[in-house]
Amino acid sequence: MLVLTRRVGESIRIDDHIRITVQGKVGGHITVALTAPAGVNVSDDTDTALLPCRRIWRRRCYEATLLLGDSLRIGRDVVVWIGGGGQAGQPAKASGAQVRMGIDAPLEVAVHREEIYHRIRNAQSARRRECV
């Protein structure tokens, strides 16, 4: 499990297609926005499918308010724990303006902070321009 800390307004990218953004934090309630391709199922920890709040060009946008320790399942293989918990010995935390998020995904699934994702993408496109 990868554990990342995000502030309100900051995002995590899962592969190239999924973005999770922390929208708000009030006490133990964390609001997240998630964009995913139309074919990806998103559900909460009770396996209740989330309904998209809007659709943008082949993507679905979801918004959920979760308590510390709750999780979201994205597709079959990815689970995002709000507060970073989820396994024994990892307490749920959201200190100050930060929220800890634990991402449980297969090794072949790339998970990055949004700013690192953009740095990688810019380096790849610069390499492609050099080769041409």
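The entries below go from the whole chain to its core, its strands and one arginine.

**Basis.** I worked from a predicted model, in which local features need pLDDT of at least 70 and side-chain atom pairs count only at pLDDT 80 or more, while totals for chains, interfaces and linings use all residues. Residues are numbered from 1 along each chain as its sequence is written, and side-chain values use heavy atoms, with hydrogens and water left out.

**Whole chain.** I first listed the elements, taking helices (H or I, at least four residues) and strands (E, at least two) as DSSP runs numbered from the N terminus. The protein chain has eleven strands and one helix. Read from the N terminus, their order is β-β-β-β-β-β-β-β-β-β-β-α.

I then looked up burial, where buried means under 20% relative accessible area, exposed over 50%, and partly exposed in between (1.4 Å probe, protein chains only). Of the 132 residues in the protein chain, 34% are buried. The chain exposes about 8,000 Å² (Shrake-Rupley method, 1.4 Å probe), and carbon and sulfur atoms supply 50% of that area.

For contacts (heavy atoms within 4.5 Å), I noted those with a separation of 6 or more: 53% of them join residues 24 or more positions apart.

**Core.** I next asked which residues have the most contacts inside the largest nonpolar core. A nonpolar core is a set of buried Ala, Val, Leu, Ile, Met, Phe, Trp, Tyr and Cys residues joined through side-chain atoms within 4.5 Å. The most come from β4, which gives four. In soluble globular proteins, nonpolar side chains tend to be buried together.

I followed leucine 34 further. Beyond residues up to four places away in sequence, leucine 34 touches, among others, Ile18, Ile20, Val42, Leu72 and Ile74.

**Open sheet.** I traced five strands that form an open sheet in the order β1-β10-β9-β8-β5, with antiparallel pairing; two strands pair if DSSP finds at least two bridges between them. The edges are β1 and β5 (42–44), and each has a single partner strand, so one side of each lacks a neighbour in the sheet. On average, neighbouring strands here are turned by 25° against each other, direction ignored. Between β5 and β8, which run antiparallel, I found three bridges. Valine 42 has isoleucine 74 in β8 as its bridge partner.

**Strand β2.** I checked both faces of β2 and found them covered, with Ser11 and Arg13 buried on one side and Ile12 and Ile14 buried on the other. Four bridges join β2 to β3 in antiparallel fashion, and isoleucine 12 is the bridge partner of isoleucine 20 in β3. The two strands make a hairpin with three residues between them, and aspartate 15 in that turn has a positive phi of about 55°. Three bridges also join β2 to the antiparallel strand β11 (residues 111–113), where valine 111 stands opposite isoleucine 14.

**Arginine 6.** Is arginine 6 buried or exposed? I recorded arginine 6 as buried, because its relative accessibility is 4%. Arginine 6 lies in strand β1 (residues 2–7). Its side chain makes a polar contact with that of glutamate 115 at 3.1 Å. A polar contact is a pair of N or O atoms within 3.5 Å; within protein, one must be able to donate a hydrogen and the other to accept it, and residues adjacent in sequence count only if both atoms are side-chain atoms. Leaving aside neighbours within four places in sequence, the contacts of arginine 6 include Ser11, Ile12, Arg113 and Glu115.

Terms used. Axes fitted to C-alpha atoms, helices over the stretch in contact; angles between N-to-C directions.
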